[in-house]
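Please keep the sequence and the three-dimensional view at hand while reading.

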Amino acid sequence: MSKVHSAVAHHFEDAEQQREAATLGMWAFLVTEVMFFGGVFGAYAVCHFLYPDAFAAASNKLNVVLGATNTAVLICSSLSMALAVRAAQTDKVKQIVPWLILTIVLGLVFFVIKYFEYMHKFHEHLFPGASFVFEGPHGAQAQLFFTLYFVMTGLHATHMVIGFGLMLWLIVRARKGHFSSAYNTPVEITGLYWHFVDIVWIFLFPLLYLIGRA
Amino acid sequence: MTNPLQKSQDYLNAEYGVRSWFFTQDHKRIAILYLISITLFFFVGGFFAVLLRLELMTPQGDIVSAETYNKLFTMHGAAMIFFFLIPSIPAVLGNFMVPMMIGARDLAFPRLNLLSWYLYTIGGLFTIYTLVDGGLDTGWTFYAPYSSRYTISNVVPVVVGVFILGFSSILTAVNFVVTIHKMRAPGLTWFRLPLFIWASYATSVITLLGTPVLAITLVLLGFERLAGVGIFDPALGGDPVLFQHLFWFYSHPAVYIMVLPSMGVVSEVVTCFARKKIFGYNFMAFAIMAIAVLGFLVWGHHMFISGQSVYASLVFSALSFSVAIPSAVKVFNWTATLYKGEIEFRTPILYAFGFIGLFTIGGLTGLFLASLAVDVHLTDTYFVVAHFHYIMVGGAVMGYLAGIHYWWPKITGRMYNEAWAKFSALILFVGFNLTFFPQFILGHLGMPRRYYVYPEEFQVLNVMSTAGASILGLGYLIPMVYLIWSLRRPKDAGDNPWGSTGLEWTTPSPPTTHNFEKTPVVTTEPYLYDKKGSSE
């Protein structure tokens, strides 16, 4: 609980104003993130509307069991993130780092599963581009589905990597004893970010894996 | 850290050396960094414009090839829109003035503010790399599938550059929204805010909602080009109209990102130099927000002939007409503010007059283009070119120059040469109209945009336009000279040379690093000008 880090930056009146500013800043940023993913969800909606049969056929190539497992893993990581925030708020400072590490580990589990899914798609020539092969009448349209699949899940994964970076930074600061019930804004807003990333997946999973599945 | 007791110390001489500028977290110094960068891009974009106009002096192609011409108008548009107009007022004047006008010591996130400038610079370097490496010829709109499949020019570096630049805009917008929400001085309620703050707020909201959609569009475009797939390519099952929808969802609101801040500046300037309270303050504030909201609902008017559903076009046309209502409210209220004012004809208000007149013409010709049948005739003609230059150059750039001249004494502590400044305002107005008014006629006669040759009967009007462009070019060089020249003077501007009422004028000129030694307390509404209390 060093004084240096609970101190208020020169341009703020008090700690409360500083905390409110940081929180609002993260919410404003998440609004832009919603619009960012909103654009690609919009593209997905248009293509799905144009080619419902091809999208259903392509969607059937995805592995629902792996996707559902990953959904469960991410929901658990949201819980551990929330517990890290809770630990900071209630002065259980020794618990912050373990919860953050658990969150990262769950995120890595997600990545391992995702890696096997991606590799499987590469082997089946389902990665869009010159080598793409899709049996049946809907080849070109199915490629659109897989383009969107890789762009959407790839952007989601990129956001998770950024989340790992933020959590590593939090772990370093937590070890130095920067966080307490008096000052925990970075933990709180990183939590907001991580929950957002999870919510994106909650939308991606049914759109990519479940819609149109017979 | 500055010592507040030393009166002579200000943000410019608080620290010296390269590091004190490139690692500064002072919003005022970051504004200066932005001022230098965007001025550079303004002249890069202007240089391309000069080449375009030179080529169009004669009906044949004589200076450049058709391919080079395509690259010139592309790079002119991209440099001017992404690297000058969009950041111009927010990143320079807004960065400097938003905290000062609301009684804050800095923006909420100074480090993000500095990062924003670095991202701008990195995005700019990608664009300059493209220039050196042979340019881009898709038009600044990157329409697919030409951009994703057919062109052999440098699409990906520019797309990466604009993507990075988008983060710079977003960070500035987050900073403004948070600062305006959370850091206003005690007593400064929303309806006591200067209209420039309302305009900056509305602009930031548009930036937050629109820029990410452009970003994802560019991601999809880049992926499509690199992987050879076709989300937007009809040959591969994609939908080119989808690209246009996504692109204009950002790029139409971006017009309001460019022009709303200018409206804010003009509101400040008009009320100050008319020595009169702004007419209809509440309506002015609501009109700004109305333009921001309506601006998001009209993007389809760029696609009346692109195969968009005719019913969608009907709705987009009607909504486009409705944008005229808040815009007209603003023009009427500026006029009513001037009515029976004691107008002082100083340089800033001359530029503001230029804005009001040219914006009105630009806005009214926008109604022609919003009409479905008329637009079929005018689409992709010089009428469109003239229309948006009246909004962006006649409107946005005039407003930017009004703001630069209004706040220059606060930013630098120096007055510029008033006679030269008035002269340049005048020749900019003349040069601008001579350049772009003939283009309305050319467009109406049917001259298409984006061609480097044209039928001989169009030559007279084209020569007029090119002549106007040379006057306009001169008009932009003169302020460069006298503004830089003014820096040689001692700091002679005084704290409040215009007798303005804003909080920013209660600080020394130039301000100290912390802006306000004591946080001001606001007890009144803005713009309480009494006619007799004029400046010295």
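A residue is called buried if 20 or more other C-beta atoms lie within 10 Å of its own, and exposed if 12 or fewer do. The model discussed here is predicted. Phe142(B) has 24 other C-beta atoms within 10 Å, and therefore it is buried. Phe142(B) belongs to the loop between H4 and H5 of chain B. Its phi angle is near 50 degrees, which is a positive value in a residue other than glycine.

The loop between helix H4 (110-132) and helix H5 (146-150) of chain B also holds Pro145(B). The peptide bond leading from Ala144(B) to Pro145(B) is cis, and its omega is near 5 degrees.

## Other backbone features of chain B

Is Lys340(B) buried or exposed? Lys340(B) has 10 C-beta neighbours inside 10 Å, so it counts as exposed. This residue is located in the loop between helix H10 (310-338) and helix H11 (347-370) of chain B. Lys340(B) is not a glycine, and its phi is positive, near 60 degrees.

A cis peptide bond runs from Ser509(B) to Pro510(B), with omega near -10 degrees. Pro510(B) is part of the segment after helix H15 (459-486) of chain B.

## Overall form of chain B

Chain B contains 15 helices and 0 strands. Its C-alpha trace spans about 70 × 50 × 45 Å along the principal axes. A compact globule of 536 residues would have a radius of gyration near 24 Å, and because chain B has 23 Å, its value agrees with that expectation.

Of the 536 residues in chain B, 56% are buried. Consider next the contacts in chain B between residues at least 6 apart in sequence: 85% of them join residues at least 24 apart.

## The nonpolar core

In soluble globular proteins, nonpolar side chains tend to be buried together. In this model, the largest nonpolar core has 220 residues. The residues with the most contacts inside this core include Val177(B), Leu260(B), Val266(B) and Ala402(B). Helix H3 (residues 66-101) of chain B provides the largest share of the core, 22 residues.

Which residues does Val177(B) touch, if residues up to four places away in sequence are not counted? They are Ala28(A), Tyr201(B), Ser204(B), Val205(B) and Leu208(B).

## Thr207(B) in helix H7

Thr207(B) is situated in helix H7 (residues 195-227) of chain B. With 27 other C-beta atoms within 10 Å, Thr207(B) is buried. When residues up to four places away in sequence are not counted, Thr207(B) touches Ser169(B), Ile170(B), Ala173(B) and Ile257(B).

How many residues apart in sequence are Thr207(B) and Thr347(B)? They are 140 residues apart in sequence, and their C-alpha atoms are 30 Å apart in space.

## Where chain A meets chain B

In the model, 30 residues of chain A are in contact with 32 residues of chain B. On the chain A side, helix H2 (15-50) and helix H6 (139-175) each supply at least two of the residues that touch chain B. The largest share, 19 residues, comes from H2(A). Sorted by class, the side of chain A that touches chain B consists of 16 nonpolar, 12 polar and 2 charged residues.

## Phe146(A) in helix H6

Helix H6 of chain A includes Phe146(A). This residue has 21 C-beta neighbours inside 10 Å, so it counts as buried. Apart from neighbours within four places in sequence, Phe146(A) is in contact with Ala58(A), Leu126(A), Phe127(A) and Pro128(A). Phe146(A) and Pro128(A) are 18 residues apart along the chain, yet their C-alpha atoms are separated by 6.3 Å.

## Confidence in the prediction

The model has an ipTM of 0.92 and a pTM of 0.94. For chain B the mean pLDDT is 93, and 97% of its residues reach 70 or more. Residues 1-6 of chain B have pLDDT below 50, and this stretch has 8 contacts in the model beyond near neighbours in sequence. Where pLDDT is low, the predicted coordinates should not be read in detail.

Note on methods. Residues are numbered from 1 along each chain as its sequence is written. Chains are lettered from A and ligands numbered from 1 in the order in which they are written. This is a predicted model: local features need pLDDT of at least 70, side-chain atom pairs count only at pLDDT 80 or more; totals for chains, interfaces and linings use all residues. Two residues are in contact if their C-beta atoms, placed from the backbone, lie within 7 Å. Helices (H or I, at least four residues) and strands (E, at least two) are DSSP runs, numbered from the N terminus. Ala, Val, Leu, Ile, Met, Phe, Trp, Tyr, Cys and Pro count as nonpolar, Asp, Glu, Lys and Arg as charged, and the others, Gly among them, as polar. The radius of gyration is taken over C-alpha atoms; the globule rule is 2.2 Å times the number of residues to the power 0.38. A nonpolar core is a set of buried Ala, Val, Leu, Ile, Met, Phe, Trp, Tyr and Cys residues joined through C-beta atoms within 7 Å. pLDDT is the predictor's confidence in each residue, from 0 to 100.
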